[in-house]
Amino acid sequence: MAPWPELGDAQPNPDKYLEGAAGQQPTAPDKSKETNKNNTEAPVTKIELLPTYSTATLIDEPTEVDDPWNIPTLQDSGIKWSERDTKGKILCVFQGIGRLILLLGFLYFFVCSLDILSSAFQLVGGKMAGQFFSNSSIMSNPLLGLVIGVLVTVLVQSSSTSTSIVVSMVSSSLLTVRAAIPIIMGANIGTSITNTIVALMQVGDRSEFRRAFAGATVHDFFNWLSVLVLLPVEVATHYLEIITQLIVDSFHFKNGEDAPDLLKVITKPFTKLIVQLDKKIISQIAMNDEKAKNKSLVKIWCKTFTNKTQMNVTVPSIANCTSPSLCWTDGIQTWTMKNVTYKENIAKCQHIFVNFHLPDLAVGTILLILSLLVLCGCLIMIVKILGSVLKGQVATVIKKTINTDFPFPFAWLTGYLAILVGAGMTFIVQSSSVFTSALTPLIGIGVITIERAYPLTLGSNIGTTTTAILAALASPGNALRSSLQIALCHFFFNISGILLWYPIPFTRLPIRMAKGLGNISAKYRWFAVFYLIIFFFLIPLTVFGLSLAGWRVLVGVGVPVVFIIILVLCLRLLQSRCPRVLPKKLQNWNFLPLWMHSLKPWDAVISKFTGCFQMRCCCCCRVCCRACCLLCGCPKCCRCSKCCEDLEEAHEGQDVPVKAPDTFDNITISREAQGEVPASDSKTECTAL
């Protein structure tokens, strides 16, 4: 019996693989036999393998790998509009309206969850953040002020809160504007952690996570690079302080009304039913108010009545009386009349935690878990709805509208228009975190490119400063000047950063750095969490501790570390650009141990560490994925049913497939020979989705 029944008596044709065999006559084999019999009579014909059928070509050449940063094409698998009947068209319209309502609803709860997440962080770390500011003597160190701004903004999840604390301290003469500028720079860095956390919610799909994480961290790299350049310039020249001082002195500002609060008008009715905070307590702790340290941030009484009345009080002596006519003694004590202010509680707040009397840490932990769950769920549903809506012609129109440049010679204006759009949208929603967090899933699913998201993010940085300027104009008289100057410092800092890292395409380093980090995080997804911990917690805390130990310790540790980082960057640049300049040993990193120049050993360690949780995670993921598949109608062969098996990693270790000769040109047999499909399952293969 033949090894493959489908072949029958098929025999290979060896002439197909010999040079010149195709051009020979049918009698050529007989001539060759005669030549073999009479070796001395005729010379042996030189036979060569055709290059097309050489051994090397039997190995499949790797196909061209698609650029992972290209926008994916969202194909429309539904029925075309022209092919629908009247009933189908009406049903399609109602489905579109329903999807739009669902999208707006999930977007509303997404924004509300961000607000509650900020409140949760303030309950967990708000008092600690206030204590960071309480020691104003250490604020004279610009580097320490920078890391305090980062840590406080990360803890309270709101740059506006940390900025308002700084304004209060400057207004109370506890802090100078010069010392406040590095804190504002740190707040600019800390506020970018929110959309990076949102990007982690798309970790399930490698391609989406690559784009989403790069789109989120482009904001981080812009802020870090701007601080690395502008902080030394500000310390040396004080240009931000001088420019803003001239502007404030040139105009006579008057107090205005409250700053516009457009988005919170919509979200506040819902969020105030969950929790309400007294944010003044953080500012009071920062200004060394001992009574505020024992107060709870959870607001209990929302309506109070304050009244002043005259009361008889005792004083140490007659000199402490309000006036001689209002002073008397009874032989034992000295009495006088004073105006006493008392506060009467009238109505309690109407939120969930008003009667629980739990400590701030417990309330903050509960809200943190719930807000992250709601945030994750809303983000998943937003991505799914957008994926079902943005298909076919709709996706083509949106992508062309957002990602297409103006015609030549005005193409360079497109990015600046995107900056204005980002600033305007941030001004409308009153929060850069909300705008960039809403932008992140759109980058992930491929609606917006990284190159277009970058100017939108820069515009968001400007938009949040215009909101701060309007809020400063509405400040009371004693805080108007200082709050306006700090808001202008924030504005000109972001303008300076844009001038550094946007106008010239070569200087748009944040895009390249974000793409590099996106590639690493897509391959080793645990590295994204390490990035957050290292850049937003470990580095600021380390610098904070070294600064408290004294400038000698800071310089002694910091200078060698900075020198090593610069040396590694220069060596890496030479390796990629002109490796011939370097000695052969330094042309790559192989002279170092593998764990020092590759994440693969660390990945193996982390995989072993998390391996004990894999089975439980797999069961949980299967249940969730199957429930999701039931909702969206996926077939049984959906890859969600094998969600814990990474198909990309499973195929990495396979041997290189070998081409079968044309004799065995049977699709099923060739695939079995190459190990792609088992013989028993060749008829039951599931169609790829």
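Helices α7 and α17 are oblique to each other, a label for angles that are not under 35 degrees (roughly parallel), over 145 (roughly antiparallel) or 65 to 115 (roughly perpendicular). This is a predicted model, in which local features need pLDDT of at least 70 and side-chain atom pairs count only at pLDDT 80 or more, while totals for chains, interfaces and linings use all residues. Residues are numbered from 1 along each chain as its sequence is written, and side-chain values use heavy atoms, with hydrogens and water left out.

Let's start with the helix pair. The axes of α7 (residues 206-237) and α17 (residues 509-523) come within 7 Å and cross at roughly 140°. Axes here are lines fitted to C-alpha atoms, for helices over the stretch in contact, with angles from 0 to 180 degrees between N-to-C directions. Helices are DSSP runs (H or I, at least four residues), numbered from the N terminus. The crossing of α7 and α17 is right-handed, meaning that the near helix is turned clockwise from the far one by less than a right angle.

On the α7 side, the residues that meet α17 include Phe209, Phe213, Phe221 and Phe222; among their partners in α17 are Leu509, Met513, Lys515 and Leu517. Contact means heavy atoms within 4.5 Å. The residues of this contact divide into 14 nonpolar, four polar and four charged, where Asp, Glu, Lys and Arg count as charged, Ala, Val, Leu, Ile, Met, Phe, Trp, Tyr, Cys and Pro as nonpolar, and the others, Gly among them, as polar.

Next come the salt bridges, of which the structure holds two. The term stands for a side-chain nitrogen of Lys or Arg within 4 Å of a carboxyl oxygen of Asp or Glu.

| Salt bridge | N to O distance |
|---|---|
| Glu241 and Arg178 | 2.8 Å |
| Glu451 and Lys515 | 2.6 Å |

Glu451 lies in helix α15 (residues 450-473) and Lys515 in helix α17, so this pair ties together parts 64 residues apart in sequence. Glu451 is partly exposed at 39% relative accessibility, a class between buried (under 20% relative accessible area) and exposed (over 50%), using a 1.4 Å probe and protein chains only.

The pair of Glu241 and Arg178 links helix α8 (residues 239-250) with helix α5 (residues 177-190), 63 residues apart. Glu241 is buried at 17%, whereas Arg178 is partly exposed at 44%.

Finally, back to helix α15, which also holds Ser460. Ser460 is buried, at 0% relative accessibility. Leaving aside residues up to four places away in sequence, Ser460 touches Gly422, Ala423, Thr426, Ser432, Phe435 and Thr436.

Note on methods. Helix = DSSP H or I, 4+ residues; strand = E, 2+ residues; numbered from the N terminus.
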